[in-house]
Amino acid sequence: MYRRNAQGWSKHIDFIIIELISQQIAFILACFVRHGEFAYASWAYRNMGFVLGLIDAVVMMFLNTMHDVLKRGYYIEFMETVKHSIIVLGFATTYMFALQYSEYYSRMVLFI
(Lines give C-alpha, C1' and ligand atoms only; values in the text may rest on other atoms or scores of the structure.)
Protein backbone atom coordinates (compact mmCIF):
# COMPACT_ATOMS: atom_id res chain seq x y z
CA MET A 1 0.00 0.00 0.00
CA TYR A 2 2.74 2.45 0.94
CA ARG A 3 5.37 1.37 -1.53
CA ARG A 4 8.35 3.60 -1.84
CA ASN A 5 9.28 4.56 -5.39
CA ALA A 6 12.73 3.55 -6.55
CA GLN A 7 15.26 6.34 -6.77
CA GLY A 8 18.58 6.78 -8.53
CA TRP A 9 19.82 4.23 -11.02
CA SER A 10 17.52 1.45 -9.81
CA LYS A 11 14.51 3.35 -11.16
CA HIS A 12 15.71 2.69 -14.72
CA ILE A 13 16.97 -0.89 -14.39
CA ASP A 14 15.15 -1.81 -17.61
CA PHE A 15 17.11 0.84 -19.55
CA ILE A 16 20.35 -0.35 -17.97
CA ILE A 17 19.72 -3.96 -19.00
CA ILE A 18 18.81 -2.92 -22.55
CA GLU A 19 21.96 -0.76 -22.70
CA LEU A 20 24.20 -3.64 -21.59
CA ILE A 21 22.63 -6.08 -24.06
CA SER A 22 22.91 -3.54 -26.89
CA GLN A 23 26.54 -2.88 -26.06
CA GLN A 24 27.42 -6.58 -26.13
CA ILE A 25 25.62 -7.04 -29.46
CA ALA A 26 27.50 -4.05 -30.90
CA PHE A 27 30.80 -5.47 -29.62
CA ILE A 28 30.08 -8.88 -31.18
CA LEU A 29 29.11 -7.28 -34.50
CA ALA A 30 32.21 -5.05 -34.48
CA CYS A 31 34.46 -8.09 -33.96
CA PHE A 32 32.67 -9.95 -36.72
CA VAL A 33 32.98 -7.02 -39.14
CA ARG A 34 36.69 -6.49 -38.38
CA HIS A 35 37.91 -10.08 -37.98
CA GLY A 36 35.17 -12.22 -39.49
CA GLU A 37 34.87 -14.40 -36.40
CA PHE A 38 32.85 -14.58 -33.19
CA ALA A 39 34.10 -12.16 -30.54
CA TYR A 40 34.20 -14.62 -27.67
CA ALA A 41 36.30 -17.19 -29.53
CA SER A 42 39.45 -15.33 -28.47
CA TRP A 43 40.44 -15.02 -24.80
CA ALA A 44 41.41 -11.38 -25.31
CA TYR A 45 38.07 -10.31 -26.77
CA ARG A 46 36.18 -12.41 -24.24
CA ASN A 47 37.93 -10.51 -21.44
CA MET A 48 37.34 -7.18 -23.18
CA GLY A 49 33.63 -7.96 -23.62
CA PHE A 50 33.31 -8.68 -19.92
CA VAL A 51 35.30 -5.59 -18.93
CA LEU A 52 33.28 -3.37 -21.29
CA GLY A 53 30.05 -4.56 -19.71
CA LEU A 54 31.44 -3.98 -16.25
CA ILE A 55 32.75 -0.51 -17.12
CA ASP A 56 29.44 0.41 -18.75
CA ALA A 57 27.42 -0.67 -15.70
CA VAL A 58 29.71 1.15 -13.27
CA VAL A 59 29.65 4.35 -15.34
CA MET A 60 25.85 4.23 -15.53
CA MET A 61 25.52 3.74 -11.78
CA PHE A 62 28.12 6.22 -10.53
CA LEU A 63 27.63 9.01 -13.07
CA ASN A 64 23.85 8.55 -13.07
CA THR A 65 23.60 8.81 -16.85
CA MET A 66 20.01 7.53 -16.76
CA HIS A 67 18.80 10.56 -14.79
CA ASP A 68 15.68 12.03 -16.47
CA VAL A 69 16.10 9.71 -19.45
CA LEU A 70 12.38 9.85 -20.22
CA LYS A 71 12.22 13.65 -20.10
CA ARG A 72 15.22 14.50 -22.28
CA GLY A 73 14.91 15.74 -25.82
CA TYR A 74 16.71 14.28 -28.83
CA TYR A 75 19.68 16.64 -28.73
CA ILE A 76 20.28 16.28 -24.98
CA GLU A 77 19.96 12.49 -25.24
CA PHE A 78 22.45 12.46 -28.12
CA MET A 79 24.94 14.54 -26.14
CA GLU A 80 24.54 12.32 -23.05
CA THR A 81 25.10 9.23 -25.19
CA VAL A 82 28.26 10.71 -26.73
CA LYS A 83 29.55 11.70 -23.28
CA HIS A 84 28.81 8.23 -21.89
CA SER A 85 30.51 6.52 -24.86
CA ILE A 86 33.63 8.65 -24.55
CA ILE A 87 33.91 7.88 -20.82
CA VAL A 88 33.49 4.12 -21.41
CA LEU A 89 36.03 4.21 -24.27
CA GLY A 90 38.47 6.11 -22.05
CA PHE A 91 38.19 3.55 -19.26
CA ALA A 92 38.52 0.67 -21.74
CA THR A 93 41.65 2.24 -23.23
CA THR A 94 43.08 2.78 -19.75
CA TYR A 95 42.38 -0.89 -18.94
CA MET A 96 44.17 -2.04 -22.09
CA PHE A 97 47.26 0.05 -21.49
CA ALA A 98 47.40 -0.61 -17.74
CA LEU A 99 47.50 -4.37 -18.29
CA GLN A 100 49.62 -4.05 -21.47
CA TYR A 101 46.97 -5.85 -23.54
CA SER A 102 46.79 -3.21 -26.25
CA GLU A 103 48.68 -5.38 -28.74
CA TYR A 104 45.95 -8.04 -28.60
CA TYR A 105 43.04 -5.76 -29.48
CA SER A 106 42.07 -3.99 -32.63
CA ARG A 107 41.44 -0.31 -32.01
CA MET A 108 38.92 -0.38 -34.83
CA VAL A 109 36.75 -2.88 -32.92
CA LEU A 110 36.57 -0.54 -29.92
CA PHE A 111 35.80 2.49 -32.06
CA ILE A 112 33.06 0.68 -33.99
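Student: Which residues form one aromatic cluster?
Tutor: Phe-27, Phe-38, Tyr-40, Tyr-45 and Tyr-105 do. This is a predicted model, where local features need pLDDT of at least 70 and side-chain atom pairs count only at pLDDT 80 or more, while totals for chains, interfaces and linings use all residues. Residues are numbered from 1 along each chain as its sequence is written, and side-chain values use heavy atoms, with hydrogens and water left out.

Student: How many aromatic pairs does the structure hold?
Tutor: Four. Rings of Phe, Tyr and Trp (its six-membered ring) pair if their centres lie within 6.5 Å; planes under 30 degrees apart are stacked, over 60 edge-to-face, the rest tilted.

Student: Why is the pair of Phe-27 and Tyr-45 tilted?
Tutor: Because the planes of the two rings are at 45 degrees, with the centres 6.2 Å apart.

Student: Which parts does that pair tie together?
Tutor: Phe-27 lies in helix H1 and Tyr-45 in helix H2, so the pair links parts 18 residues apart in sequence. Helices here are DSSP runs (H or I, at least four residues), numbered from the N terminus.

Student: Is Phe-27 buried or exposed?
Tutor: Phe-27 is buried, at 5% relative accessible area. Buried means under 20%, exposed over 50%, and partly exposed in between, with a 1.4 Å probe and protein chains only. Tyr-45 is buried too, at 7%.

Student: What is the pair of Tyr-45 and Tyr-105 like?
Tutor: That pair is edge-to-face, 5.6 Å centre to centre, with 85 degrees between the planes. Tyr-105 sits in the loop between H3 and H4, so this pair joins parts 60 residues apart in sequence.

Student: New topic. What volume does the largest pocket have?
Tutor: About 630 Å³. A pocket is an open set of points on a 1 Å grid over the protein atoms alone, where a 1.4 Å probe fits, with protein on both sides within 12 Å along at least five of seven lines; lining residues have an atom within 4 Å of a point. The volume is the space filled by probe spheres set on the points, which are joined across faces, edges and corners.

Student: How many residues line the largest pocket?
Tutor: 26. Glu-19, Gln-23, Asp-56, His-84 and Ser-85 lie nearest its centre.

Student: Where does the largest share of the lining come from?
Tutor: From H1, with eight residues.

Student: Last one. Is Ala-41 buried or exposed?
Tutor: Exposed, at 57% relative accessibility. Ala-41 is in the loop between H1 and H2.

Technical notes:
Helices (H or I, at least four residues) and strands (E, at least two) are DSSP runs, numbered from the N terminus.
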